[in-house]
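I opened this entry to keep a record of what I looked up, one topic after another. My notes follow in the order in which I took them.

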Amino acid sequence: MAYYSIADKCLLLEKINSTIELSTLLDLLGEQIDSLELLDGYLINLLDASGTALISRKVHFTSEYQFLENTYADYKIELTPDAANLSVKAYLQKQIIQADIVNATGEVKRLLGLWKLEDMAAIPLMAAESKQNSKLPGTIVLLKQQGKITHEILDIFDELVALFHAPLCNALEYAYLKDNQDRLEAAAAEQSRFLQFIVEMNNMTSPDRIYDMFAHELFHKLTFDMVGFFLLENEVLVSKKISITNPRYEARRAKWEQFLLSHPYQQNTTDGGISHTFMRNTPLLFPDVQKIKHLPMSSNDQATMKILGGVRTLLMVPIRHQNHPIGVLTFFTFVNTLDISESDLILLNNLSAFLGTAIINGRNYLLNLEQHREIERLNLVLQDKVKELAEQASTDKLTGLFNFRTFELELNRRINEFERHTDKAGLSIAVIDIDHFKKFNDAHGHNAGNVVLAGVAREIGKLVRKMDLACRYGGEEFVVILAKCDPEGIRLFAERVRTAIAGAVFDTDAGKLSVTVSVGCTTHQAEDTYESLFKRADHALYRAKENGRNRIETA
Ligand SMILES: Nc1nc2c(ncn2[C@@H]2O[C@H](COP(=O)(O)OP(=O)(O)OP(=O)(O)O)[C@@H](O)[C@H]2O)c(=O)[nH]1
């Protein structure tokens with residue numbers, strides 16, 4: 001005689017088939033068991049994702065023991081063939097296992113006593129008539145405080161699990177697939193975040209940013225409270241950066257940093273853990289420092305432990321570049337110890353090698369940058385020097401005017417240019433010579449003579465236009481090349497120079513003194529060469545001297 005009517009079954013099946021969610025199905029199954037009012041408690045155990053254990057997914061006890069429901073929720077029972085557990089047996093044998101109340105021992109006896117049970121049985125979550133090779137999603141443990149778990153009860157449950165068997169199999173598979181997918185998605189997201197970190201680190205050149213980013217990544221991966229970066233510099237292990245996760249560790253961080261400035265770890269294995277890790281090029285792990293703090297330590301380590309206070313897990317990993325240690329990473333926890341697995345160590349080793357490369361790359365980049373800047377700076381110095389030398393080569397030191405060499409080059413160039421031009425606007429030159437300069441020197445001294453030479457040059461400089469060129473020809477003689485200047489123009493210019501100098505007073509060490517100049521000028525004529533043009537101007541100057549000095553003559 002079936003317990004469930006066809007109508008009830010249909011109704012229930014409709015509800016069961018409307019969901020693929022495991023938790024909804026378990027709730028439905030729970031509701032059904034409750035509504036039967038045949039038991040004082042039950043546990044629904046389902047196979048875990050690995051298929052090697054059962055996990056209690058739904059637990060219901062009488063009100064007296066409801067406080068235990070949380071304890072047994074998600075309780076894991078390994079599916080080992082020799083286990084005394086009823087559920088394991090029911091699962092592996094795919095049949096109902098009833099507790100032997102009279103001869104119960106071990107775990108079964110303990111549970112019977114614990115929950116004051118009169119009977120207990122575990123049933124597979126499939127109907128008795130199901131094929132032995134069909135999948136089994138789990139078991140139900142039936143608990144009874146009063147009375148026995150009778151055949152009638154077991155028959156009703158057989159009907160019930162028959163309804164739930166296949167949907168539970170599907171829901172379980174779906175849940176694990178979904179979990180797997182979630183895990184895969186989380187792993188993919190983590191991988192792409194990590195890739196991003198690698199790319200950013202590779203582009204990073206500022207050491208401080210490298211340490212910050214790296215510490216951030218390390219704290220993300222493992223729950224350390226503090227990470228320190230030590231690098232070998234000038235033969236000692238210098239603390240480059242100490243990062244913390246929580247501001248409450250700031251005081252000890254700052255104190256340790258201060259201490260390390262005056263007590264850097266040396267390249268000597270006996271100087272402490274950091275030195276040891278560096279010299280041996282191998283990680284050093286203290287799972288719980290509190291347990292070994294009575295053992296002998298180097299003075300640096302002793303001081304460090306005192307400053308940092310309550311260090312629990314301490315790990316030191318060499319920072320390597322191409323397998324050679326260039327520094328040490330130190331990790332600390334302060335409150336709790338941290339389990340560091342073999343795979344964590346491998347990860348930290350790989351990360352620290354990556355850090356080593358990033359640091360060296362950053363250093364090389366900065367070195368290149370510095371070298372580049374130095375080259376640019378030297379180039380500028382060189383350019384200035386070249387400019388200065390060029391100026392020295394083309395100018396006269398005493399007067400600041402262009403020198404004879406420049407005059408020669410420039411006059412030749414301008415004659416050539418002038419000949420090519422069709423408009424033939426005049427090209428004139430004026431030769432200016434200080435009168436009786438020998439006497440002046442003799443009377444007032446060479447220094448006064450120099451002041452006058454510079455002063456005369458200044459007066460000439462004031463009168464020339466941008467396109468003209470004033471030069472010191474040598475001694476006390478000056479020449480000016482005037483572009484686009486006809487005979488009348490050069491005469492006017494020469495006269496202006498003569499009057500300006502005659503009216504100028506020069507402040508020399510022999511007192512305020514004046515001089516006069518004679519000027520010979522000429523303008524380019526057809527077929528003129530440098531020599532012929534200059535010779536004509538020189539003749540004009542000669543005549544100016546002949547005719548009494550302090551005058552101009554044109555030719
Ligand atoms: N102080 C000074 N004197 C110079 C310099 N270069 C040349 N002299 C002097 O200039 C004088 C030129 O003399 P001279 O060529 O005889 O001509 P001068 O005495 O000016 O007579 P005239 O040109 O005929 O009026 C010489 O005494 C040179 O020593 C210089 O750089 N500084």
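I began with the second largest cavity, which holds about 40 Å³ of space in what is a predicted model. I listed the residues that line the second largest cavity and found D40, G41, F61, T62, Y65, W115, L117, L143 and Q145. Sorted by class, this lining comes to five nonpolar, three polar and one charged residues.

I then went back to the search of the whole structure, which gives two cavities of 30 Å³ or more. The largest cavity has a volume of about 190 Å³, and of the 15 residues that line it, I noted L43, I77, N85, L111 and V141 as the closest to its centre. When I asked which elements give two or more residues to this lining, I found β1 (41–47), α4 (86–93) and α5 (106–114), and α5 gives the most, with three residues. By class, I wrote down 10 nonpolar, four polar and one charged residues for the lining of the largest cavity.

My next topic was strand β13, residues 428–434, and I wanted to know how many of its residues are buried.

Strand β15, residues 477–482, runs antiparallel to β13 and is joined to it by six bridges, and within β15 I noted I481 as the bridge partner of I429. With strand β18, residues 517–523, β13 pairs over seven bridges, again in the antiparallel sense, and there A430 stands opposite C521.

For K438, I noted a backbone N or O atom that lies 2.7 Å from an oxygen atom of the ligand. Side chains came next in my list: an N or O atom in the side chain of R549 is 2.9 Å from an oxygen atom of the ligand, and for E476 the distance from a side-chain N or O atom to a ligand oxygen atom is 3.2 Å.

Technical notes
Residues numbered from 1 in each chain as written. Predicted model: local features only at pLDDT ≥ 70, side-chain atom pairs only at ≥ 80, totals over all residues. Heavy atoms only, no water. Buried < 20%, exposed > 50% of the residue type's maximum accessible area, 1.4 Å probe, protein only. Helix = DSSP H or I, 4+ residues; strand = E, 2+ residues; numbered from the N terminus. Pairing = 2+ DSSP bridges. 1 Å grid on protein atoms, 1.4 Å probe; cavity = no way out; pocket = protein on both sides within 12 Å on 5 of 7 lines; lining within 4 Å. Points joined across faces, edges and corners; volume = space filled by probe spheres on them. Nonpolar A, V, L, I, M, F, W, Y, C, P; charged D, E, K, R; others polar. Polar contact = N/O pair within 3.5 Å; in protein donor to acceptor, adjacent residues only side chain to side chain.
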